[in-house]
Each structure stands twice: as structure tokens, then as C-alpha cells.
Amino acid sequence: MSSIDRFVARLAPLMTAAGALAFVLAVSPVHAQEDAAAVAQQAEDTAIGVCGTCHGPDGNSTNPMFPRLAGQHAGYLVRQLKAFKEETRGDPYAIAYMWGMASGLSDETIDALAQYYARQKAGFGKSHDPATIARGREIFEHGLPSQGVPACALCHGPDALGNDQFPRLAGQHAEYILKQLASFQSNMRKIAVMHGVAQNLRTPEMQAVADYLESLP
Amino acid sequence: MLCGAAAPAWAVPSFARQTGMACAACHTVFPELTHFGRVFKANGYVLDNLQQVQAVGSKREELLELAKTPALSIMAQVSYTSLKTRVPDVSNSAANAAGLTQNGTAGFPQQLSLFYAGKIAPHFGAFAQLTYANDSGTIGIDNTDLRFANMIILPHKQSLIYGISLNNNPTVQDLWNTTPAFGFPYAASNANVSPLAGTEIDGTLAQDVAGLSAYAFWNESLYLEAGIYRSAKQGQTNVLTGQAGPLDGSASNVIEGGAPYWRAAYEHDWGAHNLEVGIYGAEFKLQPGAGTPLQGPDNRFNDVAEDIQYQYVGEDHIFSVEGTRIHEKMNLTASALGGTNATDDLTTDRLWATYYYRRQFGGTVGWFSTTGSADPGLYPAQATLADGVTPCNCGVVTSANGSPDTRGYVGEVNYLPWLNVKLSLQYTHYTKFNGGDTNYDGFGRNASDNDTLYLLLWFAY
């Protein structure tokens with residue numbers, strides 16, 4: 001059992017009705033259901049009480065340093081948490097915060113956390129200057145062929161809602177997106193496709209795309 | 001009543017080892033806490049990501065959880081202090097000032113500390129410090145905060161953290177950097193001249209008391225705490241039995257019964273900003289002791305304080321403003337028999353602003369003020385040497401007019417080559433000292449003569 005698992009295991013039996021239920025289930029003979037329900041409950045309590053301090057209790061963080069996770073696809077979240085745990089995602093904040101936080105997570109907890117965030121309702125983004133948004137939308141939908149930048153929408157979907165393979169970007173903090181683009185550019189966060197894209201984007205273009213994405217519902 | 005050496009405050013790398021997270025998660029720049037750091041502290045310092053040695057009972061109950069790496073840290077402060085004007089050298093002539101001291105004091109180390117800071121058991125953690133200081137030349141217990149904490153999730157995805165703190169310095173358990181134990185200046189010289197007056201809650205009782213308090217932190221925003229303090233003297237023995245207690249009249253300023261402590265604070269977080277406003281206070285009934293029995297008339301100190309903190313913690317820029325105002329009402333029934341006023345009041349204000357660029361270059365400017373009723377019995381014109389007995393006609397640590405008023409500014413610039421190593425250059429300027437701006441002691445010393453230049457190398461690992 002990992003440390004965060006343990007941390008939450010201690011919380012789970014306490015007051016919430018669901019927590020009490022999980023505890024009752026945990027001593028019932030139906031082991032498979034019991035474990036799944038208990039892990040889900042523990043993960044929810046972790047998400048709210050531990051992850052929530054930065055990412056918001058429901059994954060709608062208000063601090064742009066920390067990404068919004070509400071409504072993010074579970075498959076993508078699982079890959080990120082595993083990349084933190086295996087220390088293969090190397091952007092600065094991943095190293096400073098998430099390598100430690102994910103180091104003790106079991107695969108079951110990772111799955112349950114991802115499911116929790118995937119089922120949360122994504123909050124509203126933030127509006128920006130209409131001209132910048134229009135420019136960002138243009139780049140997102142059509143790319144910058146002259147600079148060799150493909151349309152973001154090709155992978156992330158026309159409304160930036162993503163899928164299990166490519167993350168949802170709609171409503172994400174612009175500041176966070178800019179930071180990730182910078183990490184792709186410097187290859188601290190190594191994703192070949194995104195490195196290629198980010199290398200060909202200039203700062204105002206990145207800003208426009210980020211502002212557009214943050215303004216999406 | 002004397003204001004002791006400023007109680008410094010620390011960040012501890014063993015927390016980073018335990019959580020696997022860099023200092024920046026819990027601190028803007030050590031020792032100032034971020035929101036995450038406050039939540040970590042409220043949770044009892046127990047969040048960990050280390051491999052554990054475990055024992056589990058037959059009903060899955062946890063009997064033991066020991067980190068395979070102990071939560072130990074070492075901290076050192078190396079400093080150099082220069083006063084604007086040298087103080088008299090009375091070492092060879094106690095009665096009168098005979099010469100001048102050397103100026104420029106090297107503290108190597110000024111302080112060296114060993115910490116156990118981290119989890120002890122599943123809900124039980126500690127921030128415990130043992131310190132060697134160059135002024136005493138000895139090792140002693142320093143700030144200590146033992147915590148039991150638990151968290152529950154309420155409906156609507158709100159957390160409730162609750163716990164108990166057993167600590168030895170009122171406000172050392174607090175979550176914000178506005179309160180005295182972890183307030184600015186975060187480090188200060190111990191080779192300076194300290195003003196006479198300070199409130200009881202402002203470090204006067206640090207490491208001299210034991211307090212037990214219960215707290216609750218709702219939704220990471222509303223914080224309530226109530227506790228009680230009792231004297232816990234170090235290096236004090238009963239004259240008759242030779243044992244550590246019961247305390248007798250050889251001890252000084254002994255708390256009668258228990259001294260209540262209380263705290264309420266509210267923090268609002270939005271985006272990269274947060275704002276906290278709060279109040280805190282305590283009431284101490286002290287038996288003066290020091291040669292008189294611990295009974296009969298006492299001295300009562302009623303402290304009520306307000307505090308406020310604003311932080312912006314951005315990627316490149318970090319900015320914070322913190323401040324507190326402490327009001328103290330004194331009813332000095334015991335001391336009045338020895339010549340002080342029957343009642344006095346004292347108010348201390350502090351306000352400071354800090355900026356850092358990428359947690360590497362930064363600085364703080366601060367303003368401080370202590371004002372109160374004049375009382376020659378408390379703030380005497382006649383100096384007494386550090387032994388507390390020998391009189392000296394040498395001024396410096398006296399007040400010619402019996403006023404406690406002290407006011408001034410502190411400015412410091414900091415450079416952190418790494419997150420756990422800080423180089424500081426600090427300057428303290430007094431516009432008023434012990435009641436006067438010029439000739440405050442009646443021996444010709446001006447407030448600004450106590451201006452202090454302080455160079456500090458501060459690191460922990």
C-alpha cells in the first residue's frame with residue numbers, strides 16, 4: 001500500500017456516509033466489490049483532501065499554476081500520474097511537486113483518481129480579448145501551415161475536448177498551457193509531436209491559442 | 001518583560017524528503033508558508049511518500065508506520081553583526097562604563113539546530129528542534145510543536161481538519177506568518193541591542209511554557225483554535241528537593257494555573273492570491289517569583305491581537321504583505337508593590353512586504369512600532385548588567401523617561417543560490433528607542449546608534 005493510499009485509508013472510514021459505507025463493505029465477504037468501492041471512496045477523499053489543496057476539491061483549480069483536472073479524460077490522467085511516478089515527465093512543476101506526490105500511488109489508486117476527475121464537471125473558463133481569441137481559434141483550427149504548425153484540433157478535437165489519447169484543453173488555464181508549451185519547446189517534457197509544434201510557435205501565437213482555449217467552456 | 005532574542009523561524013528539508021516535494025510546495029521562500037504548507041502543517045506534518053516499516057493488526061488497524069528515512073534535518077546560521085555605534089565595555093568596571101566594546105560580531109555559528117520534523121505515527125507528527133546558540137554556548141530545547149491531526153470530508157466536497165497541538169511557544173503552532181513565532185524578521189542578530197518592551201505573546205514566553213490546544217480548519221479557510229499554557233521551565237530546580245519541580249519562588253514569571261490562548265482566522269484563496277485576516281490572544285497571570293513565594297498578588301497580561309496576510313504566489317513573481325497589531329493590558333498588582341505602575345498598556349505593530357523573483361532574488365521591507373504607557377518601574381533609567389543584579393551607570397539598555405516607545409524600519413535583501421540556502425543582508429534603523437530619538441538613555445546614546453547591519457548565511461539540509 002502506498003503512502004497516499006495509507007493516508008487516505010485512514011480518512012476513508014471516517015464521517016462521510018460513503019466513507020462509512022466503504023468501511024462496512026471493507027469488512028464484508030464480497031471482496032471484489034468491497035475493494036473497488038473502498039478504493040474509489042479513498043481516491044475521492046484523496047482527491048478532495050490532498051490533491052484538492054492545489055487542484056480544487058472537484059478538480060476546477062482556481063490557481064493557474066495548477067491545471068484544471070475536472071472533466072479530463074481518465075486515460076490521459078492515468079498516463080500522466082504514471083509518468084510522474086516513473087519520473088519520466090520532466091517539466092519543472094512535475095519534478096518539484098508531482099514526482100513526490102505520485103511516487104507512492106498504486107495502480108488502483110491512479111485509476112480511481114483518474115475516474116474521479118473524469119466524472120467531475122469542468123468549470124467555466126475565462127474570457128479574453130476577442131481579437132486574441134479569434135487569432136487563437138484560427139491557429140487551433142487551421143494551424144500555421146507556413147510555419148509547419150498543424151491544426152491543434154486534429155488531435156485535440158474541434159472543441160478542444162480531447163479524448164483518452166489527447167488531453168482535453170477546453171477551459172484549461174492559459175498560464176498552464178503556456179508553461180507546458182514552453183516545456184515541450186525545451187524538451188523538458190518530452191513529447192515528440194508537441195516538441196515539433198511548440199518549436200514552430202512564437203510566443204504571441206502560443207498566448208493566442210492559450211487564451212482561446214481558456215475561454216472555451 | 002524584557003524582549004528576548006528574536007525568535008527565528010525555519011523551514012525544514014526533512015519535510016521535503018518525507019513528501020518528495022520541493023520546498024516550493026510549502027514555502028514561497030523559507031520560512032514563509034504557502035497555502036499548501038499551511039494545510040500540511042494543519043494535517044500534523046504527516047503527509048508522506050516514503051517507504052514505511054509497517055505493523056498491521058488482525059483487523060487491518062495500523063499499529064506502526066515508520067519512515068525508512070528518519071525526518072531529521074540540520075540547520076545553521078552563520079552571521080556577522082555591526083552596530084552603528086559601539087556600546088560601552090563594562091567588563092572590567094561594573095559600576096561605570098570604562099571603554100568601548102569591539103564592533104563587528106561574528107557568529108560562527110550564531111545558531112546550529114537539529115530537527116526532527118515529520119511523521120511519527122499515522123496521525124501524529126512533530127516539528128521539534130534542538131538548538132545550540134552562541135550566546136548561551138549551550139544546547140537547549142527550541143521551538144517544538146507535536147501534533148495529532150485528522151481530516152474528514154464533509155458533504156459538498158469540503159474538508160475539515162482537526163487536531164491537537166502540544167507546543168512550547170504561543171503561536172508556534174499557528175499556520176500564518178503574521179503571528180510572532182514565525183513572523184518577520186525571520187532571522188535577526190543576537191549581537192544587537194534589544195529594546196526593553198515586548199508583549200508576553202510576542203516571544204517573551206518562548207520555550208518557557210507548555211501549551212495544549214485544539215484546532216479545526218474548515219474547508220482550508222476558517223481556522224479556530226483554543227488552548228491553555230502552563231509554565232514549563234528549563235534549567236530550573238526546586239530549592240528543597242533539587243528536583244525539576246514543583247516550581248518555587250526561585251523561578252520567575254510563573255504562570256498561575258493555566259493561561260488561555262485563542263485564535264480565529266479566515267483565509268480566502270483566489271487564483272494565485274490569498275488573503276487572511278485573523279485575531280488571536282492570550283491572558284497570562286504571572287507570579288513574579290524571583291525570590292518571592294509563588295502566591296499572593298500577581299501580574300496579569302491580557303493580549304489581544306489582529307493580523308492580516310496577503311500573498312501572491314506566481315511563477316516568476318512572489319509578493320506578500322503581512323502585519324499584526326498586538327495590544328496588551330497589564331494589571332501589575334504584584335510588581336506595583338516594587339514600584340511599577342498598577343496598570344500599563346503596550347501596543348506592538350509590525351507590517352512588512354516581501355518580494356521574490358523566481359524564489360532566488362528578493363527582499364523585505366518592514367516597519368515596527370511599540371508604544372505604551374511610561375513606567376519607570378518597568379523601563380528603568382538605571383541599567384542592570386546581564387546578571388540581573390549588578391547596577392551600572394552605562395545606559396544603552398535603559399530608558400531615561402521610562403517610556404517603552406520604540407520604532408523603526410528593517411530592510412533586507414536576499415539571494416538564494418539554491419532553495420535551501422539563503423544569503424541575507426539586513427539593516428535595522430531605529431527612529432525611536434526606549435522612549436527617545438536622541439539621548440534616549442540619558443547617557444548620550446541616540447536611537448539610531450543601535451542601527452544594526454546583519455549579514456547572514458542561513459542553510460538547512
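Trainee: Why is helix α5(A) called largely enclosed by the rest of the structure?

Mentor: Because eight of the eleven residues of α5(A) are buried. "Buried" means that 20 or more other C-beta atoms lie within 10 Å of a residue's own, "exposed" means 12 or fewer, and "partly exposed" is in between, with C-beta atoms placed from the backbone. Keep in mind that this is a predicted model: local features need pLDDT of at least 70, side-chain atom pairs count only at pLDDT 80 or more, and totals for chains, interfaces and linings use all residues. Residues are numbered from 1 along each chain as its sequence is written, while chains are lettered from A and ligands numbered from 1 in the order in which they are written.

Trainee: Which residues of α5(A) are the buried ones, and what covers them?

Mentor: You'd pick out Y93(A), A94(A), Y97(A), M98(A), W99(A), G100(A), M101(A) and A102(A). The cover includes α4 of chain A, along with α1 (13-19) and α2 (23-26) of chain B.

Trainee: What makes a stretch a helix here, and how many does chain A have?

Mentor: A helix is a DSSP run of H or I with at least four residues, a strand is a run of E with at least two, and both are numbered from the N terminus. On that basis chain A has eleven helices and zero strands.

Trainee: D91(A) sits in the loop between α4 (74-85) and α5 of chain A. Is D91(A) buried, exposed or in between, and how do you know?

Mentor: Count the C-beta atoms: D91(A) has 17 others within 10 Å, so the label is partly exposed.

Trainee: What does D91(A) touch, leaving aside its neighbours within four places in sequence?

Mentor: Q180(A), S183(A), M188(A) and R189(A). "Contact" means that the two C-beta atoms, placed from the backbone, lie within 7 Å.

Trainee: What does each chain put into the contact between A and B?

Mentor: Chain A puts in 28 residues and chain B 27 residues. On the chain A side, α1 (3-11), α3 (31-55) and α5 (92-102) each supply at least two residues. α1(A) gives the most, with six. By class, that side of chain A has 14 nonpolar, nine polar and five charged residues. Here Ala, Val, Leu, Ile, Met, Phe, Trp, Tyr, Cys and Pro are nonpolar, Asp, Glu, Lys and Arg are charged, and the others, Gly among them, are polar.

Trainee: Over in chain B, what makes α3(B) count as largely enclosed?

Mentor: All of it passes the burial test: eight of the eight residues of α3(B), residues 35-42, are buried, so the rest of the structure largely encloses this helix. Just after α3(B), G44(B) takes a positive phi of about 90°.

Trainee: How do you know whether N167(B) is buried or exposed?

Mentor: N167(B) has 26 other C-beta atoms within 10 Å, so N167(B) is buried. You'll find N167(B) in strand β9 (residues 158-167) of chain B. Its C-alpha atom is 4.4 Å from that of D145(B), 22 residues apart along the chain.

Trainee: What makes β21(B) and β22(B) count as paired?

Mentor: Two strands pair if DSSP finds at least two bridges between them. Ten bridges join β21 (residues 406-418) to β22 (residues 421-432) of chain B, and the two run antiparallel. They form a hairpin with two residues between them, and G411(B) stands opposite Y427(B). β22(B) also pairs in the antiparallel sense with β23 (residues 452-460) of chain B, over eight bridges, where V421(B) stands opposite F459(B).
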